[in-house]
Amino acid sequence: MDWYPLYNSLRIALISSVIVFFAGIGAAYYIAKLHPVLKGFLDVVLTLPLVLPPTVVGYFLLVLFGPKRPFGAWFLEHFNTRLVMTWYSGIFAASVVAFPLMYRTARGAFESFDETLAYSGQTLGLGNVYIFWRIRMPACRQGILAGTVLAFARALGEYGATSMIAGYTPGRTATISTTVYQLWRTDNDALAFRWVLVNVVISAVVLLAVNLLERRDRKQGGHPG
C-alpha cells in the first residue's frame, strides 16, 4: 500500500491550516470592527467558497494560477515554477475552501468577546498586541480551536478544487480524496475502502482530541486558582 497520499494529504492540510489560522483570525478581527454595510459585503465575498461548488472554486483557481493566465504565466517566467498540477497546488485549493470556516468561527468568537476586558488592559497601559494575544485570544480560544479543527478537517477531505488544480498523479499530487476516487473509478473498491477508513480514523482522532481539550478547559474554568 503506497502511503504517499496520506503524507501528501497531511502536509497539505497542516500547511493550509496554518495559513487560514492567521489569515482567518486577521480578517475576522479587523472586519468585525467595520461598518455593518462594508462588513456584510466582505462577509459575502470571503464566505463564497463555502457555498460554491468545489469545482467552481477550482475553476477560479485555474483562471488565476494557470500557466497561460497572467499571474501563473508571470510566476512561471520569473521563477520557472508552475502553480498548477503540483503537490503544493493542493495548498491553494485547501486554503481557499477552508478559510471561510476559520473566518466565520473566529469572527463569531471575537464578536462575543467582552470588550471591557480590552479597555481595562488599555487603562493599565498594555499594548494592543499584548491585549490581543494574552487577553483576547485566550478568552476566545474555544471558537478559535473549533475553527482551526474545522479548517483542518475540511482541508484534509478536500477533493473538487484539488482535483482541478492539482490533478491526480501517483507519488506526486495524489491525496487521500483523489486516490479514493481513482481507486473507485478503476473498480478497486477494497483499497478505496482502506483509504476511506484512514480518513475516518484521522478525523475521529482530531475531533476526540478537541473534545478532550474542551473538557479540560471547562474543568479549569470551573475551578479557578
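User: What volume does the largest pocket have?

Analyst: This is a predicted model, in which local features need pLDDT of at least 70 and side-chain atom pairs count only at pLDDT 80 or more, while totals for chains, interfaces and linings use all residues. Residues are numbered from 1 along each chain as its sequence is written, and side-chain values use heavy atoms, with hydrogens and water left out. On a 1 Å grid over the protein atoms alone, a pocket is an open set of points with protein on both sides within 12 Å along at least five of seven lines, whereas a cavity is a set where a 1.4 Å probe fits but cannot get out; lining residues have an atom within 4 Å of a point. With the volume taken as the space filled by probe spheres set on the points, which are joined across faces, edges and corners, the largest pocket has about 180 Å³.

User: How do the residues lining the largest pocket divide by class?

Analyst: The lining includes Val 45, Leu 46, Phe 60 and Pro 100. Ala, Val, Leu, Ile, Met, Phe, Trp, Tyr, Cys and Pro count as nonpolar, Asp, Glu, Lys and Arg as charged, and the others, Gly among them, as polar. The lining of the largest pocket therefore divides into no charged, no polar and twelve nonpolar residues.

User: Which element gives the largest share of the lining of the second largest pocket?

Analyst: The second largest pocket holds about 150 Å³, and its lining includes Phe 22, Tyr 29, Asn 128 and Trp 133. Helices are DSSP runs (H or I, at least four residues) numbered from the N terminus, and helix H7 (128-139) and H1 each supply at least two lining residues. The largest share, five residues, comes from H1.

User: Which element gives the most to the lining of the largest cavity?

Analyst: The structure holds one cavity of 30 Å³ or more, and the space in the largest cavity is about 60 Å³. Among the residues that line it are Ser 9, Ala 94, Glu 158 and Thr 175. Three of the lining residues come from the element that gives the most, H1.

User: Are H1 and H5 roughly parallel, roughly perpendicular or oblique to each other?

Analyst: Axes are lines fitted to C-alpha atoms, for helices over the stretch in contact, and angles run from 0 to 180 degrees between N-to-C directions. H1 and H5 pack at about 40 degrees, with their axes 7 Å apart. Angles under 35 degrees count as roughly parallel, over 145 as roughly antiparallel, 65 to 115 as roughly perpendicular and the rest as oblique, so H1 and H5 are oblique.
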